[in-house]
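Please keep the structure open beside them and find each residue as it comes up.

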Amino acid sequence: MTPTRFFPVVMTVGLILIAAGASAQSIDEARIAYEEGRFVEAADLAEPLGTSEAYTLAAKSLAVYAHYEASEEEWEGVIERAMRMGEEAVKADSTNPDAHYQSAHAVGRYAQRVGAWTALRQGLAGKIRDPLEATLALDPDDADATLALAGWHADIDAEGFVARRLYGGRKEEAIVLFDRALELAPESKVVLHAYAIRLPYLDNENGKERAREMLEKALGVRPRDAYEEYVDLDILDALDELNGG
């Protein structure tokens, strides 16, 4: 009787291992698609896997696609899907720091498009800040979340007294967080760019010169993936603006 009972167990274990292997292969394929700039394909590969890691990758891929590539007609659907994937990532595993970060990232990309005051009226400031703080509570050394929270403080402060009063964004906190992000990732193209574009506001005396130095350094960092190739274009635009172009 023992072999009869044992065979189904072996089969079940084998099927589980095959499924796990297939899932691992699929998430790897999704990551490669993201790195190569096939952002929607990456999301389509990741979403059916149903894990926090997969939803996180889908949210990131769609947020980048919405910001850089989506047409006007498709943008709303793409960004709404990105925000939904971020929410699913957190639901699937609330201890995953990157799930919280990518949830904030997706909402942040939406806020960028609709404009600061529309975003504030819709209560999006808290929906960006809260998951960033959750990320840092789980991983205090997360450079991306540190950078994003720095940008949040800088951008809220820049909107003026009412925004500062409502949400507590402060220029001084932005500087502390930007410096911390730079300490955590001194060679990051993304960190250098995000800090540089806000330096003219954060440092009235030397901000423009410091920004130019940072942007030139960022441009010298080799892009790691298709997203960072887009960041290079943002850097060139920022340099052009600094130079009065």
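1. Is the crossing of α7 and α8 left-handed or right-handed? In this predicted model, the crossing of these two helices is left-handed. The axes of α7, which covers residues 124-138, and α8, which covers residues 143-158, come within 9 Å and cross at roughly 150 degrees. On the α7 side the contact is made by A125, I128, R129, L132, E133, T135 and L136, while on the α8 side it is made by A145, T146, A148, L149, W152 and I156.

2. For the chain taken as a whole, the count is 14 helices and zero strands, and buried residues make up 45% of its 245 residues. If you take the contacts between residues at least 6 apart in sequence, 58% of them join residues at least 24 apart.

3. Helix α3 (52-68) has 17 residues and reaches 24 Å from its first C-alpha to its last, which is close to the 24 Å expected at 1.5 Å a residue. Because 14 of those 17 residues are buried, α3 is largely enclosed by the rest of the structure.

4. Helix α4, residues 72-92, has 21 residues that should span 30 Å at 1.5 Å a residue, and its end C-alpha atoms lie 31 Å apart, which agrees. Its buried residues are W75, V78, I79, R81, A82, M83, M85, G86 and A89, and these pack against α2 (39-46), α3 and α5.

5. At its start, a side-chain oxygen of N96 reaches to within 3.1 Å of the backbone nitrogen of D98, and the helix is followed by G115, whose phi is positive, near 100 degrees.

6. D203 deserves a look of its own, since this residue is placed in the loop between α12 (199-202) and α13 (207-219) and is buried, its relative accessible area of 16% falling under the 20% cut-off. The side chain of D203 reaches the backbone nitrogen of E205 at 3.2 Å.

7. Which residues does Y230 touch, leaving aside those up to four places away in sequence? Y230, found in helix α14 (residues 226-242), touches F39, Y68 and E69 on that basis. Y230 and Y68 are 162 residues apart in sequence, yet their C-alpha atoms are 7.6 Å apart in space.

8. A226 is also found in helix α14, and this residue is buried, with a relative accessible area of 10%. Not counting residues up to four places away in sequence, A226 touches Y34, E35, E36, G37 and F39. A226 and F39 are separated by 187 residues in sequence, while the distance between them in space is 9.3 Å, C-alpha to C-alpha.

How values were computed:
Residues are numbered from 1 along each chain as its sequence is written. This is a predicted model: local features need pLDDT of at least 70, side-chain atom pairs count only at pLDDT 80 or more; totals for chains, interfaces and linings use all residues. Side-chain values use heavy atoms; hydrogens and water are left out. Axes are lines fitted to C-alpha atoms, for helices over the stretch in contact, and angles run from 0 to 180 degrees between N-to-C directions. Helices (H or I, at least four residues) and strands (E, at least two) are DSSP runs, numbered from the N terminus. A crossing is left-handed if the near helix is turned anticlockwise from the far one by less than a right angle, and right-handed if clockwise. Contact means heavy atoms within 4.5 Å. A polar contact is a pair of N or O atoms within 3.5 Å; within protein, one must be able to donate a hydrogen and the other to accept it, and residues adjacent in sequence count only if both atoms are side-chain atoms. Buried means under 20% relative accessible area, exposed over 50%, partly exposed in between (1.4 Å probe, protein chains only). The expected span of a helix is 1.5 Å times one less than its number of residues.
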